[in-house]
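Keep the viewer open as we talk.

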Amino acid sequence: MNRNMNKHYFYQSKIILDLPRSEKQKKQELFYAIFIFIMIFMPLIMVGVSAFFNHLLVGILTLVICYTLLAFIGIYMRKRAVDQFYILKDAHTKFQVVDVDDIEIIKDLYANSALTFSLSLEDAFLDFVYNWLYHEGVLKSDFLHLYIFDGDVLKEAFPKSQFGSQDKFMSIFLKDLDLNDSNRMQFSRNHFTVGARWLDDMIDNDQ
């Protein structure tokens with residue numbers, strides 16, 4: 001595996017772990033952060049006070065109990081966030097994969113500003129992408145075409161492109177998504193957070 005692919009795999013793993021959050025979840029995380037702050041520093045203070053009154057063992061026991069509780073709460077919060085995001089199980093099966101070697105399809109994707117990921121075709125990442133599209137409210141139907149191609153096809157369609165065979169891409173036509181005036185702006189803003197780009201923007205900037 002070359003260095004470029006290693007970077008892609010690392011980036012893909014980071015995206016999957018850093019799940020997009022709703023405004024409600026962000027507010028909950030603020031309260032959770034305050035709680036963590038209290039749970040970290042209060043036991044340390046208790047140890048100091050206990051040591052001052054020659055009850056160091058009590059302070060250490062309090063420290064162990066609080067930090068153990070904090071670990072369990074952290075695991076629970078993470079599991080809850082994952083369960084709330086991955087509502088649709090085995091979502092990768094909802095994609096109908098199309099291998100593209102026709103430059104006319106590439107040009108159509110370019111003209112449509114197709115939503116494009118420069119990452120590997122892994123089930124875990126496809127599960128992530130489909131559930132993200134579901135939460136964005138842009139799915140028209142249960143199944144969605146996913147167009148797979150490499151940099152060589154891009155270079156054939158757009159000769160000035162600097163991409164090569166080691167670069168792998170997957171694109172979704174925006175016309176296949178349910179975009180309207182109420183969700184288009186949010187979708188346009190949020191696609192950066194999951195590592196996506198518009199294909200025309202990607203090619204034009206590469207040139």
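What follows is a set of questions and answers about this predicted model.

Q: What is the overall make-up of the protein chain, and how much of it counts as buried?
A: The protein chain holds eight helices and five strands.

Q: How do you know how the span of helix α3 compares with the expected one?
A: Helix α3 covers residues 56-85, which is 30 residues. At 1.5 Å a residue, 44 Å is expected, and the span from the first C-alpha to the last reaches 44 Å, so the two values are close.

Q: Which residues of α3 are buried?
A: They are Gly 59, Cys 66, Leu 70 and Phe 85.

Q: Why is Ile 60 called partly exposed?
A: Ile 60 sits in helix α3. Its relative accessible area is 39%; buried needs under 20% and exposed over 50%, so Ile 60 falls in between. While you are there, look at Val 47: it is 13 residues from Ile 60 in sequence, and their C-alpha atoms are 6.0 Å apart.

Q: What makes Asp 83 and Lys 79 a salt bridge?
A: Their closest N and O atoms are 2.9 Å apart. The cut-off is 4 Å between a side-chain nitrogen of Lys or Arg and a carboxyl oxygen of Asp or Glu, so the pair qualifies. Within helix α3 the two are four residues apart, which means about one helical turn separates them.

Q: Are Asp 83 and Lys 79 buried, partly exposed or exposed?
A: Lys 79 has 53% relative accessibility, and because that is over 50%, Lys 79 counts as exposed. Asp 83, at 37%, is partly exposed.

Q: How do you know that Arg 197 and Asp 201 form a salt bridge?
A: The closest N and O atoms of this pair are 3.5 Å apart, and that is within 4 Å, so the name applies. Arg 197 is partly exposed at 31% relative accessibility, and Asp 201 is partly exposed too, at 30%. A search of the whole structure finds two salt bridges.

Q: What makes the negative surface patch negative?
A: The patch is formed by Asp 99, Asp 101, Asp 102, Glu 104, Asp 108, Asp 152 and Glu 156. Asp and Glu count as negative, so the patch takes that name. The elements giving two or more residues to the patch are α4 (103-111) and α6 (151-157).

Q: What makes the phi of Asp 90 and of Ser 113 worth a look?
A: Most residues other than glycine have a negative phi. Asp 90, not a glycine, has a positive phi of about 50°, and its place is in the loop between α3 and β1. Ser 113 also has a positive phi, near 55°, and lies in the loop between α4 and β2 (115-117).

Q: Is Ser 113 buried or exposed?
A: Ser 113 has 19% relative accessibility; that is under 20%, so Ser 113 counts as buried.

Definitions and conventions: Residues are numbered from 1 along each chain as its sequence is written. This is a predicted model: local features need pLDDT of at least 70, side-chain atom pairs count only at pLDDT 80 or more; totals for chains, interfaces and linings use all residues. Side-chain values use heavy atoms; hydrogens and water are left out. Buried means under 20% relative accessible area, exposed over 50%, partly exposed in between (1.4 Å probe, protein chains only). Patches are made of residues with over 30% relative accessible area and no salt bridge: like charges are joined within 9 Å, nonpolar side chains (Val, Leu, Ile, Met, Phe, Trp, Tyr) within 5 Å. Accessible areas come from the Shrake-Rupley method with a 1.4 Å probe; for residues, only the protein chains shown count as cover. The place of a charge is taken as NZ of Lys, CZ of Arg, CG of Asp or CD of Glu.
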